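Let's take a walk through this one together, looking at side chains and who they pair up with. Have the model open and follow along.

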Amino acid sequence: MDEGFAGLNAVETLQVAFVMLWAALAVARMTRLVTQDEITRPLRGMVLRRLNDENPVHLKLAYLLECPWCVSIWVGAGVFSAVATWPGSVVLWIALSTFAASQITGTIGDIGFYLRNRHRFNEDE
């Protein structure tokens, strides 16, 4: 069989691609959970209230806590490190699958909402 990406055969390349996609979906969902979801708002608020508005380090931490782009780097580092360290862990794959499935479901819901309400979005143009 021909070698593909990084010396892997076609099946191995597809497996790596699936793992990366699944982990990326989990990262997206975890990031949203930390930075935007209503259920974590009280925890975010508790942390933000403890930060001093005059301390530059605290201001950076406050920004980090609410910045999806920023948080995703750290969540991604943790997720991909875990996948590399424990690739066969059933518990890890159940956790990743839970978050990935939630992200897919939320995205489908968002698309459905847009399609049902697109006339409202187009009125602004």
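A quick word on burial before we start: a residue is called buried under 20% relative accessible area, exposed over 50%, and partly exposed in between. Keep in mind, too, that this is a predicted model.

With those cut-offs in hand, look at arginine 32. Its relative accessibility is 40%, so arginine 32 counts as partly exposed. Its salt-bridge partner is aspartate 37, with the closest N and O atoms 3.3 Å apart. Aspartate 37 is itself buried, at 11% relative accessibility.

Aspartate 37 also forms a salt bridge with arginine 29, and here the closest N and O atoms are 2.7 Å apart. How accessible is arginine 29? Its relative accessible area is 15%, so arginine 29 falls in the buried class.

Now slide along to glutamate 38, whose side chain meets that of arginine 41 in a salt bridge, 3.1 Å from N to O. Through their shared partners, Arg29, Arg32 and Asp37 are joined by salt bridges into one network. As for the accessibility of the glutamate 38 pair, glutamate 38 is exposed at 55%, while arginine 41 is partly exposed at 46%. The total for the model is three salt bridges. As a general point, side chains of opposite charge can pair when their charged atoms come close.

On to the aromatics. Search the whole structure and one aromatic pair turns up. The ring centres of phenylalanine 18 and tryptophan 22 lie 5.5 Å apart and their planes meet at 20°; planes under 30 degrees apart count as stacked, so this pair is stacked. Where do the two residues sit relative to each other? Both belong to helix α1 (residues 10-35), and they are four residues apart, so about one helical turn separates them. Phenylalanine 18 is partly exposed, with a relative accessible area of 45%, whereas tryptophan 22 is buried at 17%.

Last stop: helix α4, residues 68-85. Its 18 residues reach 25 Å from the first C-alpha to the last, close to the 26 Å expected at 1.5 Å a residue. Which residues of α4 are buried? They are Cys70, Val71, Val75, Gly76, Val79, Ala82 and Val83.

Note on methods:
Residues numbered from 1 in each chain as written. Predicted model: local features only at pLDDT ≥ 70, side-chain atom pairs only at ≥ 80, totals over all residues. Heavy atoms only, no water. Phe/Tyr/Trp six-rings, centres within 6.5 Å; stacked < 30°, edge-to-face > 60°. Buried < 20%, exposed > 50% of the residue type's maximum accessible area, 1.4 Å probe, protein only. Expected span 1.5 Å × (residues − 1). Salt bridge = Lys/Arg side-chain N within 4 Å of Asp/Glu carboxyl O.
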